[in-house]
Amino acid sequence: MEKLGADGILAIMDSYFPVSQEGVVSYFRSIAEAVSCPVVLYTNPSFSGTNLSLEAIEALSEVPNIQYLKDASANTGNLLTVMNRVGDKIKIFSASAHIPLFVMMLGEWDGCRVLPA
């Protein structure tokens, strides 16, 4: 897709069987290493059947071109924990549209930005 002109890659893991956290990290790391453009991790456990653990997000935040996380889990408590774990290594987008004020208030915390989807 990058060779066709994509400015970035939004990557989601859709699985039909359980995948270990090491496998999840390896999957996203492989995508990021195959391209030079920015990569967005997308987690939507309601639709994809998988979720990114805090440990996986933290490990993936060390990959230079993994720059964003779009979280559609609707777990705003988890967003604050993710922000504390990754700092400014990853910009976070939230799809928690049912509580946008709270999500925006989180974005003001400690200089981090959380952008509602």
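The protein chain has a secondary structure of five helices and five strands, where helices (H or I, at least four residues) and strands (E, at least two) are DSSP runs numbered from the N terminus. This is a predicted model, in which local features need pLDDT of at least 70 and side-chain atom pairs count only at pLDDT 80 or more, while totals for chains, interfaces and linings use all residues. Residues are numbered from 1 along each chain as its sequence is written, and side-chain values use heavy atoms, with hydrogens and water left out.

**Exercise 1.** Work out which residues of H1 are buried and what they pack against.

*Solution.* Begin with the helix itself: H1 covers residues 21-34. Next, apply the cut-offs, by which buried means under 20% relative accessible area, exposed over 50%, and partly exposed in between (1.4 Å probe, protein chains only). The buried residues of H1 are then Val24, Val25, Phe28 and Ala32. They lie on the same side of H1, because they cover an arc of only 95° around the axis, taken from the directions from the helix axis to the C-beta atoms. Glu22, Glu33 and Ala34, on the other side of H1, are exposed. Finally, the buried residues pack against strand E1 (9-11), strand E2 (39-43), H3 and E3.

**Exercise 2.** Describe where Ser61 is placed and what it is in contact with.

*Solution.* First, locate Ser61 in the loop between helix H3 (54-60) and strand E3 (66-71). Second, Ser61 has 6% relative accessibility and therefore counts as buried. Third, leaving aside neighbours within four places in sequence, Ser61 is in contact (heavy atoms within 4.5 Å) with Val86, Lys89 and Ile90.

Definitions and conventions. Expected span 1.5 Å × (residues − 1).
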